[in-house]
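Here's a quick briefing to read with the model open beside you.

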Amino acid sequence: MKGLQILLAGLLTTVYKMSDEQVAALVAKADGEDFDAQAELSTILESDKGRISTLKTDAFNDGHKKGKSESLKDLEKQIRADFNLNDENLKGIDLIKAVHALDRQAGKNGLTDDEIKKSSLYIQLQKKLDDTTKETDTKVSEAVKEAETKFNRERTLSSVKSKALEVFEGLNPVLSEDKAKATKQREILLRELEGYDYDTSEDGSFIVKKDGKALGDDHGNLIDFNQLVKNTASTYFDFKQSSARGSEGNKSGSSSNGTAFVPKNEEEYVKYISDTNNSVEDRGAVRDAWQKQQA
């Protein structure tokens, strides 16, 4: 239990950026009889939404300011070159005044501010600044969107991998007795699953996607995540024989002639595939039989 507390504390401080004091207070509350785990989880997730929103806003503002600053520097450099002003300290309003002063000095026909704004050079430079600002805004927005997409994918993948390992272990895979080697063997499965995208449905299950589209079978049924894990694992691993407990479940889920049990209705179907006393193989067979019946 102590190891689990250390693991959870590391998760809360690293992923959800909670302070050590906050984690300690949460652990202390967890020892009480009236501790509401669901309420505490909702509070943590809601707080994390605010943190992510702040990160996105700060990233956009910083990128926007940097882009405008760089555009202004380029504009000032071009103006100094066009008007032969070698003093690089001339910037902003001082640079405009210097250019205006040149016109007045030359100026037998000195230009007014309105006349300067109508000149082709001014219009050209103003257009360049406007275009550069728009381009910078677009790039910053795309960068923020990309960062948000990457963050959400990594967070979903973390849940996907956790569930995949749970399903994988339930298949009784034959792994190396060396713990380090066994860990690397599990990573083979997880890398394969990273090749897909995932959405989380309202019931908490995962919708498997590829190239932005949900994957389905030839009958239009969505690919079952558990079956995807099993099929992927089967290409790399052998599995131990089902336990006696699983065999007993098999008897309750099969007819006397050994054919797959076909539920009479959806309630019976859900009850059967949710019963972990039935082996993974039997549940998969029943799922296939049910889907075939519904087609």
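The protein chain averages a pLDDT of 75, and 70% of the residues score at least 70 (pLDDT is the predictor's confidence in each residue, from 0 to 100). This is a predicted model, so to speak of local features we ask for pLDDT of at least 70, and side-chain atom pairs count only at pLDDT 80 or more, while totals for chains, interfaces and linings use all residues. Residues are numbered from 1 along each chain as its sequence is written, and side-chain values use heavy atoms, with hydrogens and water left out.

**Confidence along the chain**

- Helix α7 (residues 179-193) has the highest confidence, at a mean of 92, and helix α9 (residues 244-252) the lowest, at 40.
- Over residues 243-258 pLDDT stays under 50, and the model has 18 contacts for that stretch beyond four places in sequence (contact means heavy atoms within 4.5 Å).

**Overall make-up**

- There are eleven helices and three strands in the protein chain; these are DSSP runs numbered from the N terminus, with helices being H or I of at least four residues and strands E of at least two.
- Reading from the N terminus, the order is α-α-α-α-α-α-α-β-β-β-α-α-α-α.
- Of the 295 residues, 22% count as buried (buried is under 20% relative accessible area, exposed over 50%, partly exposed in between, with a 1.4 Å probe and protein chains only).
- Among contacts with a separation of 6 or more, 54% join residues 24 or more positions apart.
- The chain exposes about 20,900 Å², with carbon and sulfur atoms supplying 51% of that; the areas come from the Shrake-Rupley method with a 1.4 Å probe, and for residues only the protein chains shown count as cover.

**The sheet**

- The three strands make an open antiparallel sheet in the order β1-β2-β3 (two strands pair if DSSP finds at least two bridges between them).
- β1 (197-200) and β3 (213-214) are the edge strands, each with a single partner, so one side of each has no neighbour in the sheet.
- β1 and β2 pair over four bridges, with Asp197 bridged to Lys209 in β2.
- Five residues separate β1 and β2 in their hairpin, where Gly204 in the turn has a positive phi of about 90 degrees.
- β2 (residues 206-210) and β3 pair over two bridges, and Lys210 has Lys213 as its bridge partner.
- The β2 and β3 hairpin has two residues between the strands, and Asp211 takes a positive phi near 55 degrees.

**Cores and aromatics**

- The largest nonpolar core has 17 residues, and Leu193, Tyr198, Phe225 and Val229 have the most contacts inside it; such a core is a set of buried Ala, Val, Leu, Ile, Met, Phe, Trp, Tyr and Cys residues joined through side-chain atoms within 4.5 Å.
- α6 (120-170), α7, β2 and α8 (225-234) each supply at least two residues of this core, and α6 gives the largest share, five residues.
- A second, separate core of seven residues includes Leu90, Ala98, Val99 and Leu125.
- The structure holds three aromatic pairs; rings of Phe, Tyr and Trp (its six-membered ring) pair if their centres lie within 6.5 Å, with planes under 30 degrees apart stacked, over 60 edge-to-face and the rest tilted.
- Tyr198 and Phe225 form an edge-to-face pair, 6.0 Å centre to centre with 80 degrees between the planes.
- That pair links strand β1 to helix α8 across 27 residues, and both Tyr198 and Phe225 are buried.
- Tyr198, Phe206 and Phe225 form one aromatic cluster.
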